[in-house]
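Subject: Structure handover and notes

Hello,

Here is the structure I said I would pass on. My notes follow below it.

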Amino acid sequence: MIGGGAHRLLGTARGALKEGVFRNGGEIRLYDLNEHRAEVMAKMIMKSPEYKACPIKVTYKLTLDEALEGADLVSVTLLAGGVILADIESKVTGSYGYMSSDNISVSGAFLAMRTIKIVKNILDRMQVLCPNAILLDFANPVGVVAAFGNMYCKTRCFGICEGHTNHGWDLTRILYGENRYEPDWDLKVAGINHFAFITEGYLHGQSVFDLMDKRIAEGGWYEPLEKMANKRYADFMSNVIDLYKYRHALLFSSEDDGIIHILHTEKDTEKMERLKEFRNDFDADTLEKLRLAAIEARNGKSAKGDAEFEAYLEMDDDKIDWHPKEKINDLYVYSAGDVTVKVLKGLSGVSSEKVVLSDLNGGAVTNMLADYMAEFTHIADKDGIHRMEGLAVPTPVLGNVMELATYQTLVARACVTEDPRDLLTALCAYPLSSTLAEAKELWAKQLMVSEKFIPESFMRMPELY
């Protein structure tokens, strides 16, 4: 696990131990630039009840090469440039009327450049140290990163997303008014990450579309959603329901940077309006002030989160609530496992598993181009990870999906060539824009934000204007 100190990985490790992935032995290796965080994670894994029932080797204090040597599977969890740059990018992008996000957005392309520079080094070392290993990328934008990996080298790369479990909450809340995770949905999915759609689905033999039709006809779903979460969530899910009502396209994962290209909430508009004043005040001095302010704010928040997590190490094992019913902290473990656990269950021979992953399409989604990046259903089993064939994006949203898939595929290709001309072509393919002059202003500022973290060749892009 690269980025092995990330708190979310505790649930993944515990889930893998619980589901029998390591029933015949094995090892978890944790690599993190912050060795202390990796050490805390290792000790928390070994403190867990799942580890005590299935003790295996858990190692940390490793170099990257030591972590990769002979690995069967490598997972990557990181935010390139950290939340500091993400916070700054949010302000810059919003000031031009665009939504900022870590995926389907203008800012997502610049995050891809930063992330891929790191992942490229990991892939290069994997070719030498574990040439048969699979890479699971959790670092956004996962679709672009996975596409890059599969274009760049022979290592099989797949993008994974927390959104794989979102539907288990969202559908249960909408259909049954219950704030719980339902693990038994059996779905087929096609689209792109954060903008994929359920093409077929059942729960205990009942069609998800029949259930949705019945629930919409009954009405009265808004207030329960607001009570279970908040107004923003209820507003967002209203858009999900409207998209289903009027285009018969049911969103797989409740991530807002996909659906916002069709529908958005008042809060989204208000936020971008507030940031417009920031547009003319941005320069190198402003960037440095924002960076220092963000570091101070985030360091405090990060330290608080780490301290709360580390405090569990001082508690008696029987005093810890290892199994909270809701996902309120890092001790939550998904019933039947999160997406990484399901992949591991398949590869280790526990069970054949349907998983939704980002990958090059390869013809699996019949109405998308074969060489485009896509997110769709795969089968993970003891023989590997295989594309499920014969899928199709719902026709009423196909045009929207293909526009965004074109954009993200071109970004991945630009990261392979590191040619500023290819990058300019990719950025121009983003389907939302005001004027080219404003877009060029925005790109210049984003290049300034990311300058130390992206290939030097990309900094020459403005010369092509």
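In which helix is the place of Phe 148? Phe 148 sits in helix 7, which covers residues 142–152. Please keep in mind throughout that this is a predicted model.

Phe 148 has a relative accessibility of 0%, so it counts as buried. Setting aside residues up to four places away in sequence, Phe 148 touches Ile 116, Lys 120, Leu 123, Ala 412, Cys 415 and Val 416.

By class, the lining of the second largest cavity has 5 nonpolar and 3 charged residues, and no polar ones.

Over the whole structure, the search finds 4 cavities of 30 Å³ or more. The largest cavity has a volume of about 70 Å³. Its lining consists of His 167, Asp 170, Leu 171, Ile 174, Met 237, Val 240, Leu 250, Leu 251, Phe 252, Ser 253 and Ser 254. Helix 8, helix 11 and strand 9 are the elements that each give two or more residues to the lining of the largest cavity. Helix 8 gives the most, with 4 residues. The lining of the largest cavity divides into 7 nonpolar, 3 polar and 1 charged.

The buried residues of helix 9 are Val 208, Phe 209, Leu 211, Met 212 and Arg 215. Viewed down the axis of helix 9, these residues fall within an arc of 155°, so they line one face of the helix. They pack against helix 8 (163–176), strand 7 (195–203), strand 8 (206–207), helix 11 (231–247) and strand 9 (250–251). On the other side of helix 9, the exposed residues are Asp 210, Lys 214, Ala 217 and Glu 218. At the start of helix 9, a side-chain oxygen of Ser 207 comes to within 3.2 Å of the backbone nitrogen of Phe 209. Just after helix 9, Gly 219 has a positive phi of about 70°.

Is Glu 89 buried or exposed? Glu 89, which lies in helix 5 (residues 82–94), has a relative accessible area of 3% and is therefore buried. Apart from neighbours within four places in sequence, Glu 89 is in contact with Gly 94, Ser 100, Ser 107, Phe 110, Arg 114, Gln 446, Val 449 and Ser 450.

Two or more lining residues each come from helix 1 (9–18), strand 1 (27–29), helix 4 (64–68), strand 3 (73–76) and helix 15 (339–347). The lining of the second largest pocket has 17 nonpolar, 9 polar and 4 charged residues.

Regards

Note on methods
Residues numbered from 1 in each chain as written. Predicted model: local features only at pLDDT ≥ 70, side-chain atom pairs only at ≥ 80, totals over all residues. Heavy atoms only, no water. Nonpolar A, V, L, I, M, F, W, Y, C, P; charged D, E, K, R; others polar. Buried < 20%, exposed > 50% of the residue type's maximum accessible area, 1.4 Å probe, protein only. Contact = heavy atoms within 4.5 Å. Arc of directions from axis to C-beta. Polar contact = N/O pair within 3.5 Å; in protein donor to acceptor, adjacent residues only side chain to side chain. 1 Å grid on protein atoms, 1.4 Å probe; cavity = no way out; pocket = protein on both sides within 12 Å on 5 of 7 lines; lining within 4 Å. Points joined across faces, edges and corners; volume = space filled by probe spheres on them.
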